Amino acid sequence: MQSTSERRVPIGDRLVGPNTPAYVIGEIGINHNAEVAIARALIDVAAEAGCDAVKFQKRTPSICVPVDQRERIRSTPWGDMTYLEYKERMEFDADAYAAIGRHATARGLDWFASPWDIPSVEFLEQFDVVCHKVASASITDVPLLEAIRDTGRPVILSTGMSTLDEIDRAVDVVGSERLILLHTTSTYPCPPEEANLLGIRTLGERYGVPVGYSGHERGLQISVAAVAMGACVVERHITLDRTMWGSDHAASLEPQGLRQLVRDIRVVETAFGDGVMRVYPGEEEPRRRLRPDVETLTSA
């Protein structure tokens, strides 16, 4: 098995893995509130912040919504309706996906989605997406994992609310050659004491694949720390306004927060250096002043 220091996975035009800039994903998910205009605006936010990709969620509600929840009444911006009607209302059709896909590409972003069922995998395949994302909720859905594997595309797999045995089985199904794992905790919002960032190292050592981080916490510190600990992917939910209607907005980053996150990630990456000990140019004058008895070394 290759070590995590060697293996990289191609996503679009990028190689994603250790010793490469973190691949930053703006998770639009369902925060578009079924409006293409909002989806386009969120794509713009991600592009202007310096993200590498945006991600959506694709479901076939008649398959994904549990039978006992389908007739429950939910208040929505479009009036009261059953939960099944609401989930159907939230789904983009092929024309909408074609439009937002073109916009993402025009803004220089990769785009893809988390398919929650096999027909959604088939739906997304028509758009030649750069990869497929397995949501934490789907990690034990073996038929779905098999359908995603059989596309031959790279797979990004989130590991929230999962045991190692469940992750083992998922990795066995999808294979490790084109796999990126995301350490995550599926608590919304995630408190710092549940982030368990050392899990990034655990996953890397156990599976020998690139490992990233999908964050659901408030603030930016934990996501930046994840990069410092070796995460090669960072995924965060994004929104135009956390007060918007919808279940995921409150745990999302607004435009200013997303810009700051990407900026801080790039600063941390610049600070990594190469590990070679040397006297830097900025140190030469203090060295001469503070160590007059030591010959100044030429910096490498």
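Q: Where is the place of Cys190?

A: Look for Cys190 in the loop between strand 10 and helix 8. Helices are DSSP runs of H or I with at least four residues, strands are DSSP runs of E with at least two, and both are numbered from the N terminus. Keep in mind that this is a predicted model, in which local features need pLDDT of at least 70 and side-chain atom pairs count only at pLDDT 80 or more, while totals for chains, interfaces and linings use all residues. Residues are numbered from 1 along each chain as its sequence is written, and side-chain values use heavy atoms, with hydrogens and water left out.

Q: Is Cys190 buried or exposed?

A: Relative accessible area decides (buried is under 20%, exposed over 50%, partly exposed in between, with a 1.4 Å probe and protein chains only). Cys190 has 5% relative accessibility, so this residue counts as buried.

Q: Which residues does Cys190 touch, not counting those up to four places away in sequence?

A: A contact means heavy atoms within 4.5 Å. By that test, Cys190 touches Thr185, Ala195, His216, Glu217 and Arg218. Take Arg218: its C-alpha is 7.2 Å from that of Cys190, although 28 residues separate the two in sequence.

Q: Which strand is His183 found in?

A: His183 belongs to strand 10, which spans residues 179–184. With a relative accessible area of 7%, His183 is buried. Beyond the four places on either side in sequence, its contacts include Thr159, Asn196, Leu203 and Tyr213.

Q: Why is strand 10 largely enclosed by the rest of the structure?

A: Check each residue, then each face. Strand 10 is largely enclosed because six of its six residues are buried. Leu179, Leu181 and His183 cover one side, Ile180, Leu182 and Thr184 the other, and all of them are buried.

Q: In which sense do strand 10 and strand 11 pair?

A: Two strands pair if DSSP finds at least two bridges between them. Strand 10 and strand 11 (residues 211–215) pair in the parallel sense over four bridges, and Thr184 has Ser214 as its bridge partner. Strand 9 (residues 155–158) is also joined to strand 10 by four bridges in the parallel sense, with Val155 and Leu179 as bridge partners.

Q: What handedness has the β-α-β unit of strand 10, helix 8 and strand 11?

A: Point the strands away from you: a crossover is right-handed if the path from the first strand over the helix to the second runs clockwise. The unit of strand 10, helix 8 (residues 199–207) and strand 11 is right-handed.

Q: How many bridges join strand 3 to strand 4?

A: Four bridges join these two strands, which run parallel, and Gly26 stands opposite Val54. From strand 3, the chain passes through helix 1 (residues 36–49) to strand 4 in a right-handed β-α-β crossover. Strand 3 also pairs with strand 12, parallel and over five bridges; there the bridge partner of Gly26 is Arg236. Seven of the seven residues of strand 3 (residues 23–29) are buried, so this strand is largely enclosed by the rest of the structure.

Q: What volume has the largest pocket?

A: Rolling a probe the size of a water molecule over the atoms shows where empty space is left. On a 1 Å grid over the protein atoms alone, a pocket is an open set of points where a 1.4 Å probe fits, with protein on both sides within 12 Å along at least five of seven lines; lining residues have an atom within 4 Å of a point. The largest pocket has a volume of about 550 Å³, counted as the space filled by probe spheres set on points joined across faces, edges and corners. Its lining has 30 residues, with Gln57, Arg59, Trp116, Ala137 and Tyr188 nearest the centre. Helix 3 supplies the largest share of the lining, three residues.
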